[in-house]
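Open the model in your viewer and keep the sequence panel beside it. Follow the stops below in order.

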Amino acid sequence: MKKVKRIIATIIATVMLVSVASCTAVDTKTTAAATTKAAAAAETTAAAAAATTAAAAETTAAAGTTFKVGVAMPTQSSERWIADGANVKTQLEALGYVVDLQYAEDDIQAQVNQIENMITNGANCLVIAAIDSSALVNILAKAKSANIPVIAYDRLLMNTDAVSYYATFDNFQVGVLQASYLVDALGLTDSTKGPFNVELFAGSPDDNNATLFWNGAMKTLQPYIDSKQIVVLSGQTTFEKCATLRWAQEVAQARMENILSGTYSGGAKVDAVLSPYDGLSYGIAAALEGAGYKVGAGWPLITGQDAELMGVKNLISGKQAMTVFKDTRVLASKCVKMVDAVLKGTEPEINDTKTYDNGVLVVPSFLCTPVAVTKDNYVKEVIDAGYYTAAQVAG
Ligand code: GAL
(Lines give C-alpha, C1' and ligand atoms only; values in the text may rest on other atoms or scores of the structure.)
Protein backbone atom coordinates (compact mmCIF):
# COMPACT_ATOMS: atom_id res chain seq x y z
CA MET A 1 0.00 0.00 0.00
CA LYS A 2 2.85 2.34 0.95
CA LYS A 3 4.46 1.65 -2.41
CA VAL A 4 1.22 2.45 -4.26
CA LYS A 5 0.94 5.71 -2.33
CA ARG A 6 4.53 6.58 -3.26
CA ILE A 7 3.86 5.92 -6.94
CA ILE A 8 0.70 7.98 -6.87
CA ALA A 9 2.49 10.77 -5.03
CA THR A 10 5.09 10.77 -7.79
CA ILE A 11 2.30 10.98 -10.39
CA ILE A 12 0.78 13.92 -8.49
CA ALA A 13 4.11 15.73 -8.38
CA THR A 14 4.66 15.12 -12.08
CA VAL A 15 1.18 16.33 -13.00
CA MET A 16 1.73 19.46 -10.93
CA LEU A 17 5.08 20.15 -12.57
CA VAL A 18 3.59 19.68 -16.03
CA SER A 19 0.69 21.92 -15.11
CA VAL A 20 3.08 24.70 -14.11
CA ALA A 21 5.40 24.24 -17.07
CA SER A 22 2.70 23.99 -19.72
CA CYS A 23 0.60 26.82 -18.46
CA THR A 24 1.12 29.93 -20.58
CA ALA A 25 0.27 32.32 -17.77
CA VAL A 26 0.95 31.04 -14.31
CA ASP A 27 -1.30 32.67 -11.79
CA THR A 28 0.25 32.33 -8.34
CA LYS A 29 -3.22 32.24 -6.83
CA THR A 30 -4.46 29.44 -9.06
CA THR A 31 -1.22 27.50 -8.70
CA ALA A 32 -1.36 27.85 -4.92
CA ALA A 33 -4.96 26.64 -5.00
CA ALA A 34 -3.93 23.66 -7.09
CA THR A 35 -1.19 22.85 -4.59
CA THR A 36 -3.56 23.01 -1.63
CA LYS A 37 -6.13 20.89 -3.42
CA ALA A 38 -3.54 18.29 -4.31
CA ALA A 39 -2.18 18.15 -0.77
CA ALA A 40 -5.64 17.72 0.73
CA ALA A 41 -6.58 15.05 -1.75
CA ALA A 42 -3.40 13.10 -1.08
CA GLU A 43 -4.50 12.72 2.51
CA THR A 44 -7.79 11.14 1.49
CA THR A 45 -7.43 8.78 -1.45
CA ALA A 46 -4.43 9.03 -3.66
CA ALA A 47 -6.38 8.16 -6.79
CA ALA A 48 -8.83 10.98 -6.17
CA ALA A 49 -5.89 13.26 -5.54
CA ALA A 50 -4.45 12.51 -8.94
CA ALA A 51 -7.78 13.26 -10.59
CA THR A 52 -8.18 16.53 -8.63
CA THR A 53 -4.69 17.65 -9.52
CA ALA A 54 -5.20 16.87 -13.18
CA ALA A 55 -8.44 18.86 -13.10
CA ALA A 56 -6.69 21.72 -11.37
CA ALA A 57 -4.02 21.63 -14.06
CA GLU A 58 -6.69 21.91 -16.73
CA THR A 59 -8.31 24.79 -14.86
CA THR A 60 -5.00 26.57 -14.65
CA ALA A 61 -4.32 26.10 -18.35
CA ALA A 62 -7.82 27.22 -19.27
CA ALA A 63 -7.52 30.23 -17.00
CA GLY A 64 -4.47 31.26 -19.04
CA THR A 65 -6.74 32.34 -21.86
CA THR A 66 -9.02 34.42 -19.67
CA PHE A 67 -6.68 36.13 -17.25
CA LYS A 68 -8.09 39.46 -16.17
CA VAL A 69 -6.03 42.63 -15.96
CA GLY A 70 -7.45 45.67 -14.20
CA VAL A 71 -6.15 48.96 -15.62
CA ALA A 72 -6.78 52.03 -13.45
CA MET A 73 -6.12 55.37 -15.15
CA PRO A 74 -6.42 58.80 -13.52
CA THR A 75 -8.52 60.93 -15.86
CA GLN A 76 -9.87 61.39 -19.34
CA SER A 77 -9.50 65.15 -19.07
CA SER A 78 -6.05 64.83 -20.59
CA GLU A 79 -5.55 63.24 -23.98
CA ARG A 80 -2.48 61.34 -23.00
CA TRP A 81 -4.28 59.15 -20.46
CA ILE A 82 -6.94 58.31 -23.01
CA ALA A 83 -4.17 57.18 -25.35
CA ASP A 84 -2.37 55.33 -22.55
CA GLY A 85 -5.51 53.45 -21.54
CA ALA A 86 -6.41 52.57 -25.12
CA ASN A 87 -2.88 51.42 -25.94
CA VAL A 88 -2.56 49.24 -22.83
CA LYS A 89 -6.01 47.71 -23.40
CA THR A 90 -5.46 46.97 -27.09
CA GLN A 91 -2.03 45.47 -26.54
CA LEU A 92 -3.17 43.31 -23.61
CA GLU A 93 -6.21 42.10 -25.55
CA ALA A 94 -3.95 41.16 -28.46
CA LEU A 95 -2.19 38.79 -26.04
CA GLY A 96 -5.51 37.26 -25.01
CA TYR A 97 -6.05 39.04 -21.69
CA VAL A 98 -9.42 40.33 -20.59
CA VAL A 99 -9.08 43.99 -19.66
CA ASP A 100 -11.10 46.10 -17.24
CA LEU A 101 -10.07 49.69 -18.03
CA GLN A 102 -11.34 52.37 -15.65
CA TYR A 103 -10.86 56.13 -15.40
CA ALA A 104 -11.45 57.93 -12.11
CA GLU A 105 -11.64 61.52 -13.35
CA ASP A 106 -9.13 62.69 -10.75
CA ASP A 107 -11.37 61.55 -7.88
CA ILE A 108 -9.12 59.69 -5.46
CA GLN A 109 -11.91 57.75 -3.73
CA ALA A 110 -13.38 56.75 -7.08
CA GLN A 111 -10.01 55.28 -8.05
CA VAL A 112 -9.82 53.36 -4.75
CA ASN A 113 -13.33 51.97 -5.41
CA GLN A 114 -12.44 50.99 -8.95
CA ILE A 115 -9.37 49.08 -7.78
CA GLU A 116 -11.42 47.44 -5.03
CA ASN A 117 -13.91 46.24 -7.67
CA MET A 118 -11.12 44.91 -9.84
CA ILE A 119 -9.84 42.87 -6.91
CA THR A 120 -13.33 41.61 -6.08
CA ASN A 121 -13.94 40.69 -9.71
CA GLY A 122 -10.89 38.45 -9.74
CA ALA A 123 -8.22 40.55 -11.45
CA ASN A 124 -5.01 38.56 -11.87
CA CYS A 125 -2.85 41.65 -12.29
CA LEU A 126 -3.32 45.39 -11.80
CA VAL A 127 -1.86 48.27 -13.81
CA ILE A 128 -2.23 51.57 -11.99
CA ALA A 129 -1.56 55.19 -12.91
CA ALA A 130 -2.42 56.82 -9.60
CA ILE A 131 -4.18 60.12 -9.06
CA ASP A 132 -2.52 60.56 -5.67
CA SER A 133 0.54 58.31 -5.51
CA SER A 134 0.28 57.82 -1.74
CA ALA A 135 -3.49 57.38 -1.39
CA LEU A 136 -3.65 53.77 -2.51
CA VAL A 137 -1.64 52.17 0.29
CA ASN A 138 -4.57 50.31 1.91
CA ILE A 139 -6.17 49.06 -1.28
CA LEU A 140 -2.78 47.92 -2.57
CA ALA A 141 -2.26 45.97 0.65
CA LYS A 142 -5.50 44.15 -0.20
CA ALA A 143 -4.20 43.38 -3.68
CA LYS A 144 -1.01 42.03 -2.17
CA SER A 145 -2.83 39.79 0.28
CA ALA A 146 -4.84 38.43 -2.66
CA ASN A 147 -1.52 37.70 -4.45
CA ILE A 148 -2.31 40.13 -7.25
CA PRO A 149 0.82 41.64 -8.77
CA VAL A 150 0.72 45.40 -9.30
CA ILE A 151 2.51 47.39 -11.99
CA ALA A 152 2.85 51.14 -11.48
CA TYR A 153 2.14 52.93 -14.75
CA ASP A 154 3.99 56.19 -15.44
CA ARG A 155 3.45 57.42 -11.85
CA LEU A 156 5.20 55.62 -9.01
CA LEU A 157 3.01 54.10 -6.28
CA MET A 158 4.38 55.47 -3.03
CA ASN A 159 4.76 54.04 0.47
CA THR A 160 3.75 50.50 -0.39
CA ASP A 161 5.48 47.15 -0.72
CA ALA A 162 2.67 45.92 -2.96
CA VAL A 163 4.15 47.22 -6.21
CA SER A 164 6.18 44.78 -8.29
CA TYR A 165 7.41 46.88 -11.21
CA TYR A 166 7.25 50.38 -12.63
CA ALA A 167 6.99 51.37 -16.30
CA THR A 168 7.69 55.04 -16.92
CA PHE A 169 9.89 57.56 -18.70
CA ASP A 170 13.11 59.05 -17.45
CA ASN A 171 11.30 61.70 -15.45
CA PHE A 172 14.38 63.60 -14.27
CA GLN A 173 15.44 63.85 -17.91
CA VAL A 174 12.04 65.36 -18.80
CA GLY A 175 12.87 68.32 -16.53
CA VAL A 176 16.38 68.52 -17.96
CA LEU A 177 14.96 68.69 -21.50
CA GLN A 178 12.51 71.46 -20.61
CA ALA A 179 15.13 73.58 -18.86
CA SER A 180 17.83 72.87 -21.44
CA TYR A 181 15.50 74.17 -24.12
CA LEU A 182 15.24 77.47 -22.24
CA VAL A 183 19.00 77.61 -21.65
CA ASP A 184 19.64 77.15 -25.39
CA ALA A 185 16.85 79.39 -26.65
CA LEU A 186 17.87 82.23 -24.33
CA GLY A 187 21.55 81.69 -25.22
CA LEU A 188 22.51 81.44 -21.56
CA THR A 189 25.78 79.62 -22.10
CA ASP A 190 27.00 83.03 -23.28
CA SER A 191 27.46 84.66 -19.90
CA THR A 192 26.82 88.13 -21.34
CA LYS A 193 23.20 87.12 -22.14
CA GLY A 194 20.45 88.13 -19.75
CA PRO A 195 19.03 88.91 -17.33
CA PHE A 196 15.80 87.23 -18.45
CA ASN A 197 12.60 87.07 -16.43
CA VAL A 198 11.59 83.44 -16.05
CA GLU A 199 8.65 82.16 -14.01
CA LEU A 200 8.55 78.60 -12.75
CA PHE A 201 5.74 76.05 -12.54
CA ALA A 202 5.77 72.56 -11.02
CA GLY A 203 3.28 69.71 -11.27
CA SER A 204 1.01 68.15 -8.70
CA PRO A 205 2.67 67.64 -5.30
CA ASP A 206 0.91 64.27 -4.86
CA ASP A 207 2.56 62.95 -8.04
CA ASN A 208 6.12 61.73 -7.50
CA ASN A 209 6.91 62.59 -11.12
CA ALA A 210 6.38 66.27 -10.41
CA THR A 211 9.35 66.31 -8.04
CA LEU A 212 11.58 64.56 -10.57
CA PHE A 213 10.59 66.97 -13.36
CA TRP A 214 11.29 69.87 -11.01
CA ASN A 215 14.63 68.50 -9.84
CA GLY A 216 15.79 67.88 -13.40
CA ALA A 217 14.75 71.37 -14.47
CA MET A 218 16.15 73.18 -11.45
CA LYS A 219 19.49 71.39 -11.60
CA THR A 220 19.77 72.76 -15.13
CA LEU A 221 18.49 76.28 -14.41
CA GLN A 222 20.07 76.90 -10.99
CA PRO A 223 23.52 77.94 -12.30
CA TYR A 224 21.85 80.66 -14.37
CA ILE A 225 19.72 81.80 -11.46
CA ASP A 226 22.93 81.98 -9.42
CA SER A 227 24.67 83.97 -12.17
CA LYS A 228 21.60 86.25 -12.33
CA GLN A 229 21.14 85.59 -16.06
CA ILE A 230 17.76 84.23 -14.99
CA VAL A 231 15.66 86.30 -12.63
CA VAL A 232 12.50 84.88 -11.09
CA LEU A 233 10.84 88.20 -10.49
CA SER A 234 7.94 86.75 -8.48
CA GLY A 235 10.47 85.31 -6.01
CA GLN A 236 8.58 82.00 -6.19
CA THR A 237 11.36 79.47 -6.57
CA THR A 238 10.46 76.53 -4.32
CA PHE A 239 8.62 73.41 -5.43
CA GLU A 240 5.90 74.08 -2.84
CA LYS A 241 5.26 77.62 -4.11
CA CYS A 242 5.32 76.56 -7.76
CA ALA A 243 3.33 73.29 -7.47
CA THR A 244 -0.03 72.91 -9.24
CA LEU A 245 -2.45 70.57 -7.49
CA ARG A 246 -3.90 67.83 -9.77
CA TRP A 247 -2.05 69.35 -12.72
CA ALA A 248 -5.07 71.64 -13.19
CA GLN A 249 -4.96 74.13 -16.04
CA GLU A 250 -7.15 76.62 -14.18
CA VAL A 251 -4.89 76.51 -11.11
CA ALA A 252 -1.88 77.32 -13.30
CA GLN A 253 -3.81 80.08 -15.05
CA ALA A 254 -4.86 81.65 -11.74
CA ARG A 255 -1.32 81.53 -10.37
CA MET A 256 0.10 83.08 -13.57
CA GLU A 257 -2.56 85.81 -13.43
CA ASN A 258 -1.56 86.58 -9.85
CA ILE A 259 2.11 86.71 -10.77
CA LEU A 260 1.39 89.01 -13.71
CA SER A 261 -0.76 91.40 -11.73
CA GLY A 262 1.39 91.25 -8.62
CA THR A 263 4.89 91.38 -10.07
CA TYR A 264 4.72 92.54 -13.66
CA SER A 265 2.15 95.34 -13.50
CA GLY A 266 4.94 97.94 -13.43
CA GLY A 267 5.95 97.13 -17.01
CA ALA A 268 8.46 94.28 -16.59
CA LYS A 269 7.99 91.53 -19.17
CA VAL A 270 8.06 87.77 -18.78
CA ASP A 271 10.65 86.25 -21.11
CA ALA A 272 10.03 82.57 -20.43
CA VAL A 273 7.96 80.17 -18.34
CA LEU A 274 9.06 76.73 -17.21
CA SER A 275 5.91 74.64 -17.48
CA PRO A 276 6.09 70.90 -16.79
CA TYR A 277 2.99 69.87 -18.75
CA ASP A 278 1.03 71.03 -21.81
CA GLY A 279 -2.19 71.33 -19.80
CA LEU A 280 -0.53 73.91 -17.54
CA SER A 281 1.01 75.67 -20.53
CA TYR A 282 -2.49 76.37 -21.93
CA GLY A 283 -3.49 78.06 -18.67
CA ILE A 284 -0.25 80.04 -18.53
CA ALA A 285 -0.75 81.18 -22.15
CA ALA A 286 -4.34 82.22 -21.40
CA ALA A 287 -3.15 84.33 -18.45
CA LEU A 288 -0.51 85.99 -20.64
CA GLU A 289 -3.09 86.74 -23.34
CA GLY A 290 -5.38 88.15 -20.67
CA ALA A 291 -2.58 90.48 -19.60
CA GLY A 292 -2.12 91.75 -23.16
CA TYR A 293 0.73 89.58 -24.43
CA LYS A 294 0.35 88.51 -28.06
CA VAL A 295 1.83 85.49 -29.81
CA GLY A 296 4.76 86.76 -31.89
CA ALA A 297 7.45 89.24 -30.88
CA GLY A 298 7.55 89.62 -27.10
CA TRP A 299 5.62 86.40 -26.45
CA PRO A 300 7.42 84.37 -23.75
CA LEU A 301 8.96 80.96 -24.39
CA ILE A 302 6.72 78.37 -22.74
CA THR A 303 7.76 74.75 -22.24
CA GLY A 304 5.45 71.75 -21.83
CA GLN A 305 5.14 67.98 -21.80
CA ASP A 306 3.12 65.19 -23.40
CA ALA A 307 2.95 66.47 -26.98
CA GLU A 308 -0.81 66.75 -26.69
CA LEU A 309 -2.48 67.51 -30.00
CA MET A 310 -3.26 71.04 -28.80
CA GLY A 311 0.34 71.33 -27.60
CA VAL A 312 1.69 70.41 -31.02
CA LYS A 313 -0.69 72.85 -32.70
CA ASN A 314 0.59 75.49 -30.30
CA LEU A 315 4.17 74.71 -31.33
CA ILE A 316 3.22 75.44 -34.92
CA SER A 317 1.39 78.68 -34.07
CA GLY A 318 4.22 79.80 -31.76
CA LYS A 319 2.08 79.85 -28.62
CA GLN A 320 4.22 77.14 -27.05
CA ALA A 321 7.96 76.83 -27.66
CA MET A 322 8.51 73.15 -26.84
CA THR A 323 6.94 70.05 -25.45
CA VAL A 324 8.35 66.74 -24.29
CA PHE A 325 7.07 63.83 -26.35
CA LYS A 326 6.54 60.63 -24.41
CA ASP A 327 5.28 58.00 -26.82
CA THR A 328 2.43 56.31 -24.97
CA ARG A 329 2.58 53.39 -27.42
CA VAL A 330 6.09 52.58 -26.26
CA LEU A 331 5.23 52.99 -22.57
CA ALA A 332 2.16 50.81 -23.00
CA SER A 333 4.16 48.09 -24.71
CA LYS A 334 6.78 48.05 -21.93
CA CYS A 335 4.01 47.83 -19.35
CA VAL A 336 2.16 45.10 -21.23
CA LYS A 337 5.38 43.07 -21.44
CA MET A 338 5.72 43.44 -17.67
CA VAL A 339 2.17 42.18 -17.12
CA ASP A 340 2.74 39.26 -19.45
CA ALA A 341 6.03 38.32 -17.79
CA VAL A 342 4.62 38.60 -14.28
CA LEU A 343 1.64 36.41 -15.16
CA LYS A 344 3.89 33.87 -16.84
CA GLY A 345 6.21 33.85 -13.86
CA THR A 346 9.18 35.20 -15.82
CA GLU A 347 11.34 38.28 -15.28
CA PRO A 348 10.26 41.43 -17.13
CA GLU A 349 12.80 43.67 -18.82
CA ILE A 350 13.96 46.48 -16.53
CA ASN A 351 16.69 49.08 -16.98
CA ASP A 352 16.73 50.87 -13.64
CA THR A 353 17.03 49.46 -10.15
CA LYS A 354 18.23 52.56 -8.32
CA THR A 355 16.14 55.63 -8.97
CA TYR A 356 12.61 54.87 -7.85
CA ASP A 357 12.55 54.54 -4.09
CA ASN A 358 8.89 54.69 -3.07
CA GLY A 359 9.62 55.07 0.64
CA VAL A 360 9.38 51.33 1.28
CA LEU A 361 11.39 49.78 -1.55
CA VAL A 362 13.32 50.69 -4.65
CA VAL A 363 10.94 49.61 -7.39
CA PRO A 364 12.53 47.85 -10.40
CA SER A 365 11.69 50.05 -13.36
CA PHE A 366 11.80 50.42 -17.08
CA LEU A 367 12.49 54.00 -18.11
CA CYS A 368 11.54 54.97 -21.66
CA THR A 369 13.27 57.90 -23.34
CA PRO A 370 11.53 61.29 -23.55
CA VAL A 371 12.18 63.52 -26.57
CA ALA A 372 12.21 67.33 -26.76
CA VAL A 373 9.94 68.53 -29.55
CA THR A 374 9.74 71.99 -31.12
CA LYS A 375 8.31 73.35 -34.36
CA ASP A 376 11.60 72.32 -35.99
CA ASN A 377 11.33 68.58 -35.34
CA TYR A 378 7.66 67.82 -34.67
CA VAL A 379 7.15 66.44 -38.19
CA LYS A 380 9.85 63.84 -37.69
CA GLU A 381 9.08 63.03 -34.06
CA VAL A 382 5.30 62.90 -33.95
CA ILE A 383 3.97 62.80 -37.52
CA ASP A 384 6.51 60.60 -39.31
CA ALA A 385 6.42 58.41 -36.20
CA GLY A 386 2.67 57.95 -36.77
CA TYR A 387 1.58 59.43 -33.45
CA TYR A 388 -0.59 62.07 -35.15
CA THR A 389 -1.48 62.56 -38.77
CA ALA A 390 -0.54 65.76 -40.57
CA ALA A 391 -4.29 66.43 -40.94
CA GLN A 392 -4.88 66.18 -37.17
CA VAL A 393 -2.11 68.64 -36.45
CA ALA A 394 -3.25 71.03 -39.18
CA GLY A 395 -6.95 70.81 -38.26
C1 GAL B 1 2.40 63.09 -14.95
C2 GAL B 1 2.88 62.57 -16.25
C3 GAL B 1 2.98 63.69 -17.25
C4 GAL B 1 1.67 64.43 -17.33
C5 GAL B 1 1.10 64.76 -15.97
C6 GAL B 1 -0.29 65.32 -16.01
O7 GAL B 1 2.36 62.08 -14.01
O8 GAL B 1 4.13 61.93 -16.13
O9 GAL B 1 3.35 63.16 -18.51
O10 GAL B 1 0.76 63.66 -18.06
O11 GAL B 1 1.12 63.64 -15.12
O12 GAL B 1 -1.19 64.38 -16.52
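Select N208, N209, A210, L212, F213, W214, G216, A217, M218, T220, L221 and Y224: these residues of helix α8 are buried. Bear in mind that this is a predicted model. What do the buried residues of α8 pack against? Show α7 (171–185), β7 (230–231), α9 (239–242) and β8 (272–274); these are their packing partners.

Now show the whole of α8, residues 208–226. How far apart should its ends be? The helix has 19 residues, and at 1.5 Å a residue they should span 27 Å. The end C-alpha atoms of α8 lie 26 Å apart, so the span agrees with the expectation.

Next, centre on T220. Here α8 has a kink of about 35 degrees. Then pick P223: the kink comes shortly before this proline.

Leave the helix and turn to a sheet. Colour its six strands in the order β2-β1-β3-β4-β5-β11. The sheet is open, and its pairing is parallel. Which strands stand at the edges? Select β2 (98–103) and β11 (365–368). Each has a single partner strand, so one side of each is left without a neighbour in the sheet. Look along the sheet: on average, neighbouring strands are turned by 15 degrees against each other, direction ignored.

For the last stop, zoom in on β4 (residues 150–153) and β5 (residues 165–169). These strands run parallel and are joined by three bridges. Pick I151, and you will find Y165 of β5 opposite.

Note on methods:
Residues numbered from 1 in each chain as written. Predicted model: local features only at pLDDT ≥ 70, side-chain atom pairs only at ≥ 80, totals over all residues. Pairing = 2+ DSSP bridges. Helix = DSSP H or I, 4+ residues; strand = E, 2+ residues; numbered from the N terminus. Axes fitted to C-alpha atoms, helices over the stretch in contact; angles between N-to-C directions. Expected span 1.5 Å × (residues − 1). Bend = angle between axes of the 7 residues up to and from the residue. Buried ≥ 20, exposed ≤ 12 C-beta atoms within 10 Å, placed from the backbone. Contact = placed C-beta atoms within 7 Å.
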